[in-house]
Amino acid sequence: MSAMPPGNPASNPFVTSPTYLMACQQLRNVARAISLDPGLTDRLMTPKRSQVVAIPVRMEDGRTETFVGYRVQHSLTSGPSKGGLRYAKNVDLGEVAALAMWMSWKCGIMNLPFGGAKGGIAVDPAELKGGEKERLTRRFTDEIQNIIGPRVDVMAPDMGTDEQTMAWIYDTYSMKVGYACPEIVTGKPVELGGCVGRKEATGRGVVYCITEAFNELDIRPETATAVVQGFGNVGSVTCEELVKLGVKVVAVGDRYGSIRNARGIDIPQLLNYAARNPRKTIVGFPGAEAIPDAELLTTPCTVLVPAALERVITAENAGQLRCRVLAEAANGPTDPEADAIISNSDIFVIPDILCNAGGVTVSYFEWVQDLAQFMWDEEEVNSQLKKQMLRAFHRVRAEAKARNFGNRLAALSLGVQKVATEKQKRGLYP
Ligand SMILES: NC(=O)C1=CN([C@@H]2O[C@H](COP(=O)(O)OP(=O)(O)OC[C@H]3O[C@@H](n4cnc5c(N)ncnc54)[C@H](O)[C@@H]3O)[C@@H](O)[C@H]2O)C=CC1
Ligand SMILES: O=C(O)CCC(=O)C(=O)O
């Protein structure tokens with residue numbers, strides 16, 4: 001069975017992206033392992049609907065610049081589609097399609113009534129000035145207005161976007177429909193109907209999974225060290241939560257550079273330092289030494305947490321990883337060639353679609369609260385998050401043991417089967 005999606009590759013708009021091909025290969029692998037119907041496999045490789053839009057924006061210097069934006073809805077079978085919106089210079093349609101596909105499996109593992117979606121705008125958010133980011137976001141919302149809605153497709157933050165971005169989408173959409181519609185996005189400010197604990201949810205979920213892995217491997221957190229790539233929303237909260245457990249964070253990296261301190265980096269001080277810095281970077285932090293980026297992921301540690309980009313662990317560096325646990329906070333950090341190498345080592349992998357599922361889980365709580373117009377307190381949110389993450393972790397481990405699968409295949413198996421079963425029961429792959 002080829003890893004290629006159905007259709008003519010020459011005219012398939014997704015296949016130029018290695019990230020999309022990676023998602024297809026993962027799907028082919030799991031389809032083979034669970035004997036999934038080939039027709040259904042082809043459908044699951046092909047997103048249901050994609051929209052590409054031009055976004056003309058008046059820039060601060062008076063020019064008009066046109067950006068390209070994408071929204072891909074992989075599946076609407078289980079409910080509205082759900083997934084983040086990414087602002088990144090090189091994002092393209094195929095990458096967004098892969099991220100949307102992974103959202104479907106993630107929602108499946110967590111048993112959420114959502115299909116997968118993702119959006120992206122090809123822009124470096126660090127280069128936007130003044131009101132440019134707001135104008136970009138509002139125009140994108142206008143352009144995709146016809147395919148979003150609280151029962152159709154609900155966006156959330158991802159790389160390069162945040163609560164403020166969600167607030168602009170909420171406002172733009174509400175002005176169009178003529179009433180306040182907080183359930184159109186999740187991850188918005190709490191003052192606008194956001195859920196307490198959503199901002200921290202992904203990092204907290206990552207650390208719940210790491211704790212369960214440590215329990216299984218008999219590792220005491222006070223003896224453990226961590227290396228984290230990415231110090232944005234997910235990476236920084238993961239560091240904070242690890243430190244609360246007693247884990248020593250010995251190296252951290254972001255897009256501007258990497259730092260290391262074998263005695264442990266003072267994370268509260270690093271957070272302060274990054275917050276005060278105009279580029280929000282960790283580079284130059286006085287409590288650690290600078291190291292080459294290539295050394296970050298191979299720094300010896302108990303747990304390695306990639307929390308930035310896709311495909312950073314490849315055949316080139318997979319054999320040099322010196323961690324006991326690989327906790328994939330980012331989406332798609334490990335490519336299939338690296339996966340094959342890691343599966344022959346003693347590294348315990350917590351796969352992305354399980355590890356970072358805390359974010360969409362609390363997004364689900366936010367959507368439910370907004371629809372019901374009844375808000376929960378943080379204790380309720382966090383205890384429900386913990387319960388759902390632990391349940392998913394142990395379901396994945398049980399699937400791995402029952403079928404003799406690695407953790408990634410087990411997670412994909414649960415996620416894909418949930419979507420496949422719903423499609424089959426509804427009839428004819430809706
Ligand atoms: N925000 C959320 O709730 C969720 C995010 N994720 C995933 O987590 C990852 C990080 O997302 P966020 O923290 O929200 O983004 P963010 O925009 O808040 O932070 C991204 C971080 O990655 C760093 N980075 C970017 N390029 C890099 C490079 N080449 N090398 C090293 N570091 C680099 C940035 O400097 C920044 O520190 C992404 O893969 C995202 O899809 C997954 C689930 C939910
Ligand atoms: O919170 C959400 O709806 C989506 C989060 C997300 O984009 C992800 O899990 O990759």
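The legends below describe close-up views of a predicted model.

Residues are numbered from 1 along each chain as its sequence is written, while chains are lettered from A and ligands numbered from 1 in the order in which they are written. Because the model is predicted, local features need pLDDT of at least 70 and side-chain atom pairs count only at pLDDT 80 or more, whereas totals for chains, interfaces and linings use all residues.

View 1. Domain 1 brings 10 residues to the contact and domain 2 brings nine residues, where two residues are in contact if their C-beta atoms, placed from the backbone, lie within 7 Å. On the side of domain 1 that touches domain 2, the largest share comes from α3, with six residues. That side of domain 1 has eight nonpolar, no polar and two charged residues. In this classing, Ala, Val, Leu, Ile, Met, Phe, Trp, Tyr, Cys and Pro count as nonpolar, Asp, Glu, Lys and Arg as charged, and the others, Gly among them, as polar. Helices (H or I, at least four residues) and strands (E, at least two) are DSSP runs, numbered from the N terminus.

**View 2. The shell around ligand 1.** There are 23 residues around ligand 1, and Gly232, Asp254, Ala308, Ala330 and Gly359 come nearest; a residue is near a molecule if its C-beta atom, placed from the backbone, lies within 6 Å of it. Both domain 1 (46–179) and domain 2 (199–355) give residues to this shell, so ligand 1 lies between them. At least two residues each come from α7 (233–245) and β7 (248–254), and α7 gives the most, three residues. By class, the shell of ligand 1 holds nine nonpolar, 11 polar and three charged residues.

**View 3. The shell around ligand 2.** Of the 14 residues around ligand 2, those that come nearest are Gly84, Ala156, Gly359, Val360 and Ser363. The elements β3 (81–88), α3 (93–109) and α12 (358–372) each supply at least two residues of this shell. Its classes are three nonpolar, eight polar and three charged residues.

**View 4. Helix α4 and its buried face.** Helix α4 (residues 132–144) has 13 residues and reaches 18 Å from its first C-alpha to its last, close to the 18 Å expected; the expected span is 1.5 Å times one less than the number of residues. Lys133, Leu136, Thr137, Phe140, Thr141 and Ile144 of α4 are buried. A residue is buried if 20 or more other C-beta atoms lie within 10 Å of its own, exposed if 12 or fewer, and partly exposed in between, with C-beta atoms placed from the backbone. Seen down the axis of α4, the buried residues fall within an arc of 130 degrees, so they line one face of the helix; the arc is that of the directions from the helix axis to the C-beta atoms. These buried residues pack against β1 (49–58), β2 (64–73), β4 (115–122) and α5 (163–177).

**View 5. Glu60 in its loop.** Glu60 is found in the loop between β1 and β2. Glu60 is exposed, with 11 other C-beta atoms within 10 Å. Not counting residues up to four places away in sequence, Glu60 touches Lys129, Gly130 and Glu132.

Conventions: Domain bounds come from an automatic or database domain assignment.
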